[in-house]
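These are my notebook entries on one chain. I record what I looked up, entry by entry.

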Amino acid sequence: MSNERQIQDEDLMDVAQDPEQAHRLRKALKVLADNPNVGGKLQEMAKEVLSGRIGMKDAIETPGYMDALGDRMNQIRSAAENQTMAEREESREKFAAWQKEQEAKEDEERAERDGPTGNIVSTPRRGGRGGGHRG
């Protein structure tokens, strides 16, 4: 998939409420597309959306893709319901650590994307009196 066109965050604004949500959605689609354990229609849908061959809105309205998403959600719910209390606690701890790591990564990505926010140093504009471009 690396040699295919890849959509950008902005391409998901038809379904996202803001640029941050679009960014998270694109990252989630990338995880689905790149994870060999996902497979099937769900992975196909992620790859199709990321390549721009189908829009996210169209993917949401495609019964086969939404059935695959529903099936995966049911598998996750079933697995969660069958956990012991010790497994649940371990899962919570792992999720909390993962979530903290993800938030740090997102903060770092946001800082890179948005550029510096404080102590912006700029040079005086050229032009006007006394300055200007000579040519």
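**Entry 1: Met73 and the surface**

I looked up Met73 and found it partly exposed, because its relative accessibility is 46%; the class runs between buried, under 20% relative accessible area, and exposed, over 50%, with a 1.4 Å probe and protein chains only. Met73 belongs to helix α4, residues 63-81. Helices here are DSSP runs of H or I with at least four residues, strands are runs of E with at least two, and numbering starts from the N terminus. Together with Leu69 and Ile76, Met73 makes a nonpolar surface patch of about 270 Å². For such a patch I note the rule: residues have over 30% relative accessible area and no salt bridge, like charges are joined within 9 Å, and nonpolar side chains (Val, Leu, Ile, Met, Phe, Trp, Tyr) are joined within 5 Å.

I note for the record that this is a predicted model, in which local features need pLDDT of at least 70 and side-chain atom pairs count only at pLDDT 80 or more, while totals for chains, interfaces and linings use all residues. Residues are numbered from 1 along each chain as its sequence is written, and side-chain values use heavy atoms, with hydrogens and water left out.

**Entry 2: the chain as a whole**

I counted the secondary structure next: five helices and zero strands, in the order α-α-α-α-α along the sequence. Of the 135 residues in the chain, 19% are buried. The chain exposes about 10500 Å², of which carbon and sulfur atoms supply 50%; areas follow the Shrake-Rupley method with a 1.4 Å probe, and for residues only the protein chains shown count as cover. Among contacts (heavy atoms within 4.5 Å) with a separation of 6 or more, 43% are between residues 24 or more positions apart.

**Entry 3: the nonpolar core**

Which residues touch the most other members of the largest nonpolar core? I find Leu12, Leu29, Met45, Val49, Met56 and Ala59, out of 17 residues in that core. Two or more residues each come from α1 (19-34), α2 (40-51), α3 (56-60) and α4. Helix α2 gives the most, with five residues. A core of this kind is a set of buried Ala, Val, Leu, Ile, Met, Phe, Trp, Tyr and Cys residues joined through side-chain atoms within 4.5 Å.

I then followed Ala59. Apart from neighbours within four places in sequence, Ala59 is in contact with Met45, Val49, Ile54, Tyr65 and Met66.

**Entry 4: helix α1 and Arg26**

Helix α1 has 16 residues and spans 22 Å from its first C-alpha to its last, close to the 22 Å expected at 1.5 Å a residue; the expected span is 1.5 Å times one less than the number of residues. I list Glu20, Ala22, His23, Arg26, Leu29 and Ala33 as buried in α1. The buried residues of this helix pack against α2, α3 and α5.

Is Arg26 buried or exposed? Arg26 counts as buried because its relative accessible area is 19%. Beyond residues up to four places away in sequence, Arg26 touches Ile7, Gln8, Asp9, Leu12 and Leu50.

One of these contacts is charged: Asp9 forms a salt bridge with Arg26, with the closest N and O atoms 2.5 Å apart. Asp9 lies in the segment before α1 and Arg26 in helix α1, so the pair ties together parts that are 17 residues apart in sequence. Asp9 and Arg26 are both buried.

I also checked Leu50, in helix α2. Leu50 counts as buried because its relative accessibility is 0%.

**Entry 5: other salt bridges**

How many salt bridges does a search of the whole structure find? I record 10 salt bridges, each a side-chain nitrogen of Lys or Arg within 4 Å of a carboxyl oxygen of Asp or Glu.

Glu48 pairs with Arg53, the closest N and O atoms being 2.9 Å apart. Glu48 is partly exposed, at 22% relative accessibility, and Arg53 is also partly exposed, at 48%.

Glu101 and Lys105 meet at 3.3 Å, N to O. They are four residues apart in helix α5 (residues 85-114), so about one helical turn separates them. Glu101 is partly exposed at 42%, as is Lys105 at 40%. A network of salt bridges with shared partners joins Glu20, Asp107 and Arg110.
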